[in-house]
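Here are my notes on the model you sent over.

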Amino acid sequence: MNEKKEFPENTREDSLNEETKSLISSLPSHKDFLGKQLYNYQGCWYYPNTLQGVLNFQKGFKPQETDIILASFPKSGTTWLKALTIALFERFNNTSSSNHPLQSDNPHGLVPFLEMSLYHKTSTPDLTKFSSSPRLFSTHMPFHTLQAPFKDDSSRCKIVYVCRNVKDVLVSQWYFRCAYLGKEINKTGKTSNNLNHSSFFRKGEVGDSNNHLTPQMETKIDMIIEEKYKGSGFKY
């Protein structure tokens, strides 16, 4: 007997308030390859509960000058960026290997997502465990959406952004629901969105898309990227 597939909490729509329900009724929508509904908000596509988290964040986040936000597009090295950042801070604090937080928790548990974890269900989450400075957060939100709470110079914080070859991102997205490689201590348990920690680890190599995409597919993707980045001054 097949078990009923349980989708991650952020892809559902059971955390929407009435204001958000009204908003999404007016937004462009589309279904992903699993048939899950997506909505376009400020130029980006979101699952319903994730969009609720974005709106909660924009409404309630109070940045501190010492905050550090790790920003990335999904499957661009988010997990490793978090792990490296934690490792750098713990080295600065002279933390012993036996007490290292990465020995007992996953990078996503140590550096939670703003929109998919902390602000997922409320615009006023309990942030008391982030009382020490600097506070470390992460996000997949684009900058124009992320910057909404930063209204003046006094509320600025540091944003560290990591990007990756789009074709390699595509391959990693494809493998996202498959088995991944990683350290056993980091692969156990689940995230707050009910995703297995193990699904965030894969030996993603630079240029791996060459082993999965035909030359025609790569050319088409390159043309799309060139069109999207035209006039931005960004060379890809």
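1. First, a word on burial, since it comes up throughout: buried means under 20% relative accessible area, exposed means over 50%, and partly exposed is in between, using a 1.4 Å probe and protein chains only. Gln-42, for instance, has a relative accessible area of 36%, so it is partly exposed.

2. Keep in mind that this is a predicted model, in which local features need pLDDT of at least 70, side-chain atom pairs count only at pLDDT 80 or more, and totals for chains, interfaces and linings use all residues. Residues are numbered from 1 along each chain as its sequence is written, and side-chain values use heavy atoms, with hydrogens and water left out.

3. On confidence: pLDDT is the predictor's confidence in each residue, from 0 to 100. The protein has a mean pLDDT of 82, with 81% of its residues at 70 or more. Where pLDDT is low, the predicted coordinates should not be read in detail.

4. The overall inventory is nine helices and six strands. Both are DSSP runs numbered from the N terminus: helices are H or I with at least four residues, strands are E with at least two. Of the 236 residues, 43% count as buried. If you take the contacts between residues at least 6 apart in sequence, 67% of them join residues at least 24 apart. The accessible surface comes to about 14600 Å², and 54% of that belongs to carbon and sulfur atoms; these areas come from the Shrake-Rupley method with a 1.4 Å probe, and for residues only the protein chains shown count as cover.

5. Now the sheet. Strands of a sheet pair through backbone hydrogen bonds, either parallel or antiparallel. Here, an open sheet of three strands runs in the order E1-E2-E3 with antiparallel pairing, where two strands pair if DSSP finds at least two bridges between them. Strand E1 (29–31) and strand E3 (44–46) are the edges, each pairing on one side only. From one strand to the next, the twist averages 35°; axes are lines fitted to C-alpha atoms, for helices over the stretch in contact, and angles run from 0 to 180 degrees between N-to-C directions.

6. Who pairs with whom? Three bridges join E1 to the antiparallel E2, and Ser-29 has Tyr-39 as its bridge partner in E2. E2 is mostly covered, with four of its five residues buried. Helix H2 (residues 48–60) packs on the sheet, touching E2 and E3, and its direction makes about 30° with that of E2.

7. Check the backbone at the turns. The hairpin of E1 and E2 has five residues between the strands, and Gly-35 in it takes a positive phi near 85°. The hairpin of E2 and E3 has two residues between the strands, with Gln-42 at a positive phi near 55°. Another positive phi in a residue other than glycine is found at Lys-75, near 65°. Lys-75 sits in the loop between strand E4 (68–72) and helix H3 (78–92), and it is buried because its relative accessible area is 16%.

8. The loop between helix H5 (114–118) and strand E5 (136–139) deserves a look. Pro-134 lies in it, and a cis peptide bond with omega about 0° joins Ser-133 and Pro-134. His-120 has its place in this loop too. Is His-120 buried or exposed? Its relative accessible area is 3%, so His-120 is buried. Leaving out residues up to four places away in sequence, His-120 touches several others, including Glu-9, Asn-49, Gln-52 and Glu-115.

9. Last, the cysteines. Counting a disulfide as a pair of cysteine sulfur atoms within 2.5 Å, the model has zero disulfides. Cys-157 is buried at 18% relative accessible area, whereas Cys-163, at 47%, counts as partly exposed.

Terms used. Contact = heavy atoms within 4.5 Å.
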